[in-house]
Amino acid sequence: MSTIAEQILDGSGLVLGTCYYPEHWPKKMWAEDLDRMLASGIEVIRIAEFAWSKVEPEEGRFTYEFFDEFLDVADEKGMKVIFCTPTATPPAWLTEKYPEALNARMDGVLLRHGARRHYNYNSPVYQELSARITGKFAEHYGSRKCVIGWQIDNELNCEVNEFYSESDTVAFREFLKEKYRTIDALNAAWGTAFWNQTYSSWKEVYVPRTTISNSTNPHEVLDYTRFISASARRFAKMQSDIIRCYLKPGDFITTNGLFGNLDNHAMTRESLDFITYDSYPNFAYCLDAYSDAPKEMRDRKWSRNLTEVRSISPIFGIMEQQSGANGWNTRMEAPTPRPGQMTLWTMQSIAHGADYVSYFRWRTCTMGTEIYWHGILDYSGRENRRIREVRQIREKLDGMREVAGARYEAEVGVLKDYDNIWDAQLDVWHQRVDRTSQKALFEAAQRTHTPLDYVYLTADTTAEELGKYKVLIYPHMTIVTEAQAEILKAYVAEGGVLVIGCRSGYKNVNGQCVTDYLPGLLRELTGADIPEYSFIAPDAGKVTVDWDGTRMEAETFADLLEPLEGAHLEAKYTSDYYAGAGTLVSNTYGKGTAYYYGSAFNEASATVFLEKLGVISPYSELVEVPECCEIAVRTKGDARFLFILNYDKAQAEILLRQEGLDLYTQNKVSGRKTLDGYGTMVIRF
């Protein structure tokens, strides 16, 4: 979609919002709350994502008075509103009368009313009732002056992203019939000759079910994951198509979050004007299982998440930004953000491309599961440190208006595609190397201050799009299609530099292993041959590698490489029985170079690649910062906006090597500066 969100993403400024729940508070509080928001620099609110019963308290009986009354107040105060469809929490009357709308566990037990997201996308009655309530919402409220846009549902595929209802089995069969046409074709794609799993009719095919050891056919699971994604996308498009019938000029459609088993890129192209993200860096400080080990990069990991969002919408919004302690009554206990962290995390989002930031939430709820998920205000609504920090953020953003619409700048891209993401979920061999390398590449880029993008290979990707990156890295391209191989060849032929990691090219689109010499369809491009491969044995110790005098360690896996004719052996293993075998092969292809690296990446080896390929620390001529800081750059025309984010609670010493304009103070700055703990700077060069 290409509609411009004129109210929040039009490039004229950076906009603050918050999530508000008028159904949680007495009506007498509404006007005061909106006045306080506006006085604090909050211009937009999101409402109604869990409020189906406020409009349809009984099946077929619609009453619009509650939100009409609230929108009257919003219109009077001049507050802009993002209205949500309420389908994330079907009401009790619906699930009681139509239990087929409920999701189920793999063993068939229904997920009952009492929490949220307890529905399935494929129930015909739920689709019908969801379409009706969406239409009623859009028709009645869409013409209101204060309504500027719509959010579909809430966090599609959050809480649970697997669906095992009877409706899902029926829909899965139809999905497979459309894809394969015949049961014989399905049997071939799923390799059902193994373990005598052959099907003789469609009625024998189900969504994955509980089996011994919970081992299921991996090719079935890959298709099932594609089916889940298609189901969620269809549900979103159904709502989007309805809303567009009532959309005012300039209004937009979005949805929030970035969750698994969902092709968010395709969903955005099909149904949205842009995607919004829910950013909660405080998960890094949780006291329970969500907490990272001390050695991890903690809240900097949300920069990785924001990079994912930016791969979908280069300019995007944050629908829920951390503003207080998070926690349900059942899990996710976490401390209140320290002074400065709200600002840090807001600027983290903006640095990565967010022009709209909406805090979750305005007031902390006094009831229900999320009584410990704190907002800007605590239960009493009294003046506090967090609302004062919001006002300070607003003052900073007033000096940063020209940042709006600027694009994040990166010379390095990490390639991804959904088939390989989903394959890594179900295949532990793929998963082990992929998790290791993804973490290493991100952390190496962060510590060396080398901005990167995630670049998804889709059916619409062109070599021209890839060509804006000096270096592209696909850590483990296990599944490769001929179309993808051709796109990568075209990129390299035009002068690109491509790095492919181990365990690549050995599966086809169905997830079956190929019988070609490895790396299969990547063999011609990379110039590599893989006669042998192995996980690195636990007793192997450190497996070392020599790359033209630079020593590094192999990680997790070892492809033992030989160069094909015309290719060059760049590096060899130097220990264990791998010693003397090739680790890295380079191949000139057209104007560019392709590399095949026969191992997973660790942070040190990832850093070596960035250095040897000439893309490390691209802003060192502008600024020198310690490892505790992140650098991000957004550009617009001739202007370059440098963000420096200090994730440490201690002060950081930085050196500005060129003079720039501090957008917080509007003063020129250069030389050595001290950045407070959790401090940020935004400098225009």
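Mentor: First, a term: two strands pair if DSSP finds at least two bridges between them. Helices (H or I, at least four residues) and strands (E, at least two) are DSSP runs, numbered from the N terminus.

Trainee: What should I know about the model itself?
Mentor: This is a predicted model, where local features need pLDDT of at least 70, side-chain atom pairs count only at pLDDT 80 or more, and totals for chains, interfaces and linings use all residues. Residues are numbered from 1 along each chain as its sequence is written, and side-chain values use heavy atoms, leaving out hydrogens and water.

Trainee: OK, how do S1 and S8 pair?
Mentor: Strand S1 (residues 15–19) and strand S8 (residues 354–360) are paired in the parallel sense, over 4 bridges. Threonine 18 sits opposite tyrosine 359 in S8.

Trainee: And what order do the strands of the sheet come in?
Mentor: The open sheet has 8 strands, ordered S5-S4-S3-S2-S1-S8-S7-S6, and the pairing is parallel. Strand S5 (252–254) and strand S6 (276–279) are at the edges with a single partner strand each, so one side of each has no neighbour in the sheet.

Trainee: Is tyrosine 277 buried or exposed?
Mentor: Its relative accessibility is 7%, so tyrosine 277 counts as buried. Buried means under 20% relative accessible area, exposed over 50%, and partly exposed in between (1.4 Å probe, protein chains only).

Trainee: What is tyrosine 277 in contact with?
Mentor: Leaving aside neighbours within four places in sequence, its contacts include Trp302, Leu306 and Met319. Contact means heavy atoms within 4.5 Å.

Trainee: New topic: how many residues are in the largest nonpolar core?
Mentor: It has 122 residues, and Ile47, Phe83, Met400 and Phe643 have the most contacts inside it. A nonpolar core is a set of buried Ala, Val, Leu, Ile, Met, Phe, Trp, Tyr and Cys residues joined through side-chain atoms within 4.5 Å.

Trainee: Which helix gives the most to this core?
Mentor: Helix H8 (residues 218–244), with 9 residues. Another core, of 42 residues, lies apart from it, and Ala444 and Val499 are among its members.

Trainee: Last one: what span should helix H14 have?
Mentor: At 1.5 Å a residue, the 20 residues of helix H14 (residues 428–447) should span 28 Å, and the end C-alpha atoms are 28 Å apart, which agrees. The expected span is 1.5 Å times one less than the number of residues. Just after H14, histidine 449 has a positive phi of about 55 degrees.
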